[in-house]
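Subject: The structure for you to look at

Hi,

Here is the structure I promised to pass on. Have a look at it first, and then read my notes next to it.

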Amino acid sequence: MKALALVILHQLLFAVWLLAMWVLYCTPACTHPIEHLIAVPFAVLIPTAVIMRRLFSDPHFIRWVDELER
């Protein structure tokens, strides 16, 4: 179950990154795509890391993940 959760997290992260890239390239204000290619992964990964850290420090979430593994 832990591996499945990790795969789902990676897929969600990639989907959010693709969505952010689509928004950046489909807006007329986008004039520096190389800068956006560099900035988008950080804009997605940092908030995701903060959220995951908060989730995994919560004992209720840890118990819930343990119950899913059984």
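Below is what I found, starting with the overall fold and ending with a few single residues.

Two bits of housekeeping first. This is a predicted model, so to speak of local features we need pLDDT of at least 70, and side-chain atom pairs count only at pLDDT 80 or more, while totals for chains, interfaces and linings use all residues. Residues are numbered from 1 along each chain as its sequence is written, and side-chain values use heavy atoms, with hydrogens and water left out.

**The overall picture**

The chain has 3 helices and 0 strands, and from the N terminus on its elements run α-α-α. (Helices are DSSP runs of H or I with at least four residues, strands are runs of E with at least two, and both are numbered from the N terminus.) The helices I mention are H1 at 2-26, H2 at residues 33-56 and H3 at 59-69.

How much of the chain is buried? Buried residues make up 9% of the 70 residues. Here buried means under 20% relative accessible area, exposed means over 50%, and partly exposed is in between, with a 1.4 Å probe and protein chains only. The chain exposes about 5,800 Å², and carbon and sulfur atoms supply 74% of that. (Accessible areas come from the Shrake-Rupley method with a 1.4 Å probe; for residues, only the protein chains shown count as cover.)

**A nonpolar patch**

Which residues form the nonpolar patch on the surface? They are Met-1, Leu-4, Ile-8, Leu-12, Trp-64 and Leu-68, with about 600 Å² of accessible area together. Patches take residues with over 30% relative accessible area and no salt bridge; like charges are joined within 9 Å, and nonpolar side chains (Val, Leu, Ile, Met, Phe, Trp, Tyr) within 5 Å. A salt bridge, in turn, is a side-chain nitrogen of Lys or Arg within 4 Å of a carboxyl oxygen of Asp or Glu.

H1 and H3 each supply at least two residues of this patch, and H1 gives the most, with 3 residues. Leu-12 sits in H1 and is exposed, with a relative accessible area of 52%.

**Aromatic rings**

A pair of aromatic rings is described by the distance of the centres and the angle of the planes. Rings of Phe, Tyr and Trp (its six-membered ring) pair if their centres lie within 6.5 Å; planes under 30 degrees apart count as stacked, over 60 as edge-to-face and the rest as tilted. The count by this rule comes to 3 aromatic pairs.

Take Phe-14 and Trp-17: their ring centres are 6.0 Å apart and their planes are at 25°, so this pair is stacked. Both residues lie in H1, 3 residues apart, about one turn of the helix. Phe-14 is partly exposed at 47% relative accessible area, and Trp-17 is partly exposed at 25%.

Why is the pair of Phe-61 and Trp-64 tilted? Their ring centres are 5.7 Å apart and the planes are at 40°, so the pair falls under tilted. These two lie in H3, 3 residues apart, again about one turn of the helix. Phe-61 counts as buried at 17% relative accessibility, whereas Trp-64 counts as partly exposed at 47%. Together with Phe-56, Phe-61 and Trp-64 form one aromatic cluster.

**The largest pocket**

The lining of the largest pocket has 15 residues, and Ala-5, Leu-6, Met-52, Phe-56 and Phe-61 lie nearest its centre. H1, H2 and H3 each supply at least two residues of the lining, with H1 giving the most, 7 residues.(A pocket is an open set of points on a 1 Å grid over the protein atoms alone, where a 1.4 Å probe fits, with protein on both sides within 12 Å along at least five of seven lines; lining residues have an atom within 4 Å of a point.)

**Single residues**

Ala-43 lies in H2 and counts as exposed at 55% relative accessibility. Tyr-25, in H1, is partly exposed at 41%.

Cheers
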